Amino acid sequence: MQPITYNLPVYDLLTVEGVARVHNMSMRILRELGIDFYDDEARDILRAHGADVRGDTVFFDEELLLKYVGMAPSQFTQLARNPQNNVNIGGNNMVFAPVYGCPFVQDRDGGRREATLRDFQNFVKLAYMSPYIHHSGGTVVEPTDEPVATRHLDMLLSHITYSDKAFMGSVTSGNNAADSVAIAEIVFGAERIREHPALLSLINVSSPRRFDDRMLACIKVYARARQAMIITPFILAGAMGPTSVAGTVAQLNAEALAGIALCQMINPGTPVVYGSFLSTIDLQSGAPTFGTPESQTALYISAQMARHYNLPFRGGGAFSSSKQPDAQAGYESVMVMIPTVMARTNFVLHAAGWLENGLVSGYEKFVLDCEILGMLHTWARGVDLSDEAFAMDAFAEVPPGGHFLGTAHTMRHFRDAFYRAELFDYNSAEQWELNGGHDTYDRASARVKQLLASYEAPALDAGVAQRLHEFVAQRKAAIAVEPRDF
Amino acid sequence: MDFSDLSDEDLWLQMQDDLYDGMKEEVAAETREALTRGFSPQEVLGQGLVAGMDIVGVDFRDGVLFVPEVLMAANAMKAGMEILRPLLAETGAERIGTMIIGTVKGDIHDIGKNLVAMMMEGAGFEVINLGINNDADKFLEAIKTHQPDIIGMSALLTTTMPYMKVVIDALGEEGLRDTLYVMVGGAPVTETFAKAVGADAYGRDAAVAVELAKAYMAKRRAA
Ligand code: B12
């Protein structure tokens, strides 16, 4: 795995005054309008720590909010099964994670279909094998062939079995979050995960201005176990937020900070990531739209706000509304990924595989996105200004009009001098035709097959594996007799 | 608002225009004016409201109108319908239909469901929107209160989609299933899934939902 650190100038879109104006507007929203929390205990906690609770709605004043937001660490390390794959979240570090949540998968040969546990495992394998994906993610696809009540166990087990990269916890209920913590304890040890989190879970704010009961149940479980969370307002501007960037970002900022403050009230120092999942809707049909320029502006601003509060930032992804890994998918994804990197996003969910507004995980799309992620690694590294990089000896060797192909400097560097995309074709037209005239979709399809065929599982301690399987079997048996609560 | 100088023909046109422009008060006033002129509630509905909403429907489909404009138009339609509905009932006219729609338990996605509700209202249906996170009891209660023709359920999560079956089974237990038309929808829902849970129809989008509902009501009237 190749870590990626951002060594370029950070693109701050707003002036200091602009940041202050967004902040002030968010404070106004929190003070005058408040945020709804649909959980009695959560509201009790908020009240006990000084927030003004009226009915379901919680009002915050600035001083109280910032006091608790200030308790969140600005950087933390998430443990991976293989310590070499531990990820640092915050600062100049960037972490790329796979697509999340899609109920369908798509590939060239099989078309669009409901996702299964097998697909889930395939995506975990692809993420494990890519040097440019640093994290195994969470619900890489929704395994719709497994019973809803026990699916989370199969997903967690698959992450641990087929990968040794860090992974995310379940957020489908408080009980499922507790199962995730129990599993992390088996793999990493109960004490160890309290020092460094082994789970990073996705808490969505159900915008506008609303935390639902499931998310709050999960926040309580994870905060108490000191596991990391990404607090993400998910706003499709136009529907869940106003049609203007400034207002939408102020709303997002208010919602994220309120959730982060709650986590700190429950357990000061709980690692959290300030999340921003912000796109637009097509106001002519109501359909979600991704890769729109307005959402990029909003991404930059929300990243800047997270830096303002000294918090790690999540945003962006290889988003697209396209149904296939076609031109639209490529353009839209890159339109978002470049700002994602330039905003110095610390955690990038959906960095590979996303299609059709998040309904579909695409196999070919996944490997194509990884290709772009590879390029972004090179780009984010910045410029080497060492003597070796200035290459005086090479100039000395080459007379005016000569070439550099044989210099000692070139011999030292040619193998990794330039990023070579494996899935893009650099041949002459004639050669390309001789090779079969394949397009990127064909090549990506072949690549997926080749990767899955050559996959080898990372080692897993036999004792740990046994305890995991016992735990899963025992939970499945218990869940089978529990009354089904949808 | 004074419409006395408008000919009947111009009144219909004015009504259609105002509907298109989402002018709620105007449409209500024009509805009353047409009734005062002696037109039957059914004539007002057909020549004014429905004719106007047909144009809105076409322009929405063709991408001329934006969602907020359709929302305003649907609200204007609703204002007119509120005046006409009791009169239509009195005259024993054929009802356009009543629908109860809600997102199922555990699910709070409602943008798509609200679009469906809006388009249904635009088509003249009376819509009772139960909002989000509805368990079977809420659906049953609403059915008893409102005596709908159609039940619409929305779910956007594979974890909440199975709850549609819970509601459909509950309808069966209460002996309500056969008299109701059950439509389901939401991005991850498919035709196959709809069949599997025992729904009558799957609606890919709001426009399809309206077509299905209209076709069902027509069939029911014919029966
Ligand atoms: C917007 C959105 C949200 C918003 C919803 C805001 C709101 N007020 O509705 C918020 C942020 C709250 C949200 C939360 C979550 N979401 Co969400 N969300 C979406 C998203 C991006 C778009 C949905 C949408 O509004 N589409 C626009 C409307 C117009 O389309 P539509 O809903 O499909 O409706 C049309 C048709 O389906 C049909 N229709 C709809 N209902 C009905 C009903 C009837 C009767 C008929 C006939 C037709 C019909 O007509 C509509 C109009 O044309 C989808 C992805 C996607 N592309 O669908 C994910 C998605 C559905 N969400 C997902 C997830 C996982 C979640 C969360 C669990 C995330 C989290 N970790 O917190 C939470 C769950 C909260 C909860 N308890 O429900 C997953 C679900 C996948 C799965 N595994 O099941 C998806 C697919 C995204 C993803 N890849 O993760 N989400």
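Okay, let's start with disulfides: over all chains, this structure holds 0 of them. Keep in mind as we go that this is a predicted model.

For a disulfide, the two sulfurs would have to be within 2.5 Å. And are these cysteines buried or exposed? A:Cys218 is buried, at 0% relative accessible area, and A:Cys263 is buried with a value of 0% too.

Let me walk you through a few in chain A.

Take A:Arg224 and A:Glu41, which form a salt bridge with the closest N and O atoms 2.8 Å apart. A:Arg224 is in helix α8, residues 213-224, while A:Glu41 is in helix α2, residues 40-48, so this pair ties together parts of chain A that are 183 residues apart in sequence. On accessibility, A:Arg224 is partly exposed at 46%, and A:Glu41 is partly exposed at 34%. Those two also belong to a network of salt bridges, where they're linked with A:Asp39 and A:Lys220.

Next one: A:Glu356 with A:Arg112, a salt bridge whose closest N and O atoms are 2.8 Å apart. Here a loop meets a strand: A:Glu356 lies in the loop between β20 (354-355) and β21 (360-362), and A:Arg112 in strand β9 (residues 111-114), so the pair ties together parts 244 residues apart in sequence. A:Glu356 counts as buried, at 11% relative accessibility, whereas A:Arg112 comes out partly exposed at 41%.

And one more, A:Arg475 with A:Glu482, where the closest N and O atoms are 3.8 Å apart. For a salt bridge the cut-off is 4 Å.

Now the interface. How many residues of chain A are in contact with chain B? It's 23 from chain A, touching 22 from chain B. Together the two chains bury about 1,800 Å², with 65% of that on carbon and sulfur atoms. What we do get across it is 4 residue pairs in polar contact, counting pairs with both residues at pLDDT 80 or more.

B:His109 sits in the loop that runs between β1 (98-103) and α5 (111-122) of chain B.

Last stop is helix α2 of chain B, where B:Thr31 is found. B:Thr31 is buried, at 0% relative accessibility. Setting aside neighbours within four places in sequence, B:Thr31 has contacts including B:Met15, B:Val44 and B:Leu49, and also B:Gly80, B:Ile83 and B:Leu84. B:Arg32 is in helix α2 as well, which covers residues 24-36, but B:Arg32 is partly exposed, at 48%. From the C-alpha of B:Arg32 to that of B:Leu65, 33 residues apart along the chain, the separation is 27 Å.

Key. Residues numbered from 1 in each chain as written. Chains lettered and ligands numbered in written order. Predicted model: local features only at pLDDT ≥ 70, side-chain atom pairs only at ≥ 80, totals over all residues. Heavy atoms only, no water. Buried < 20%, exposed > 50% of the residue type's maximum accessible area, 1.4 Å probe, protein only. Helix = DSSP H or I, 4+ residues; strand = E, 2+ residues; numbered from the N terminus. Contact = heavy atoms within 4.5 Å. Buried area = accessible area lost by both parts, 1.4 Å probe. Polar contact = N/O pair within 3.5 Å; in protein donor to acceptor, adjacent residues only side chain to side chain. Salt bridge = Lys/Arg side-chain N within 4 Å of Asp/Glu carboxyl O.
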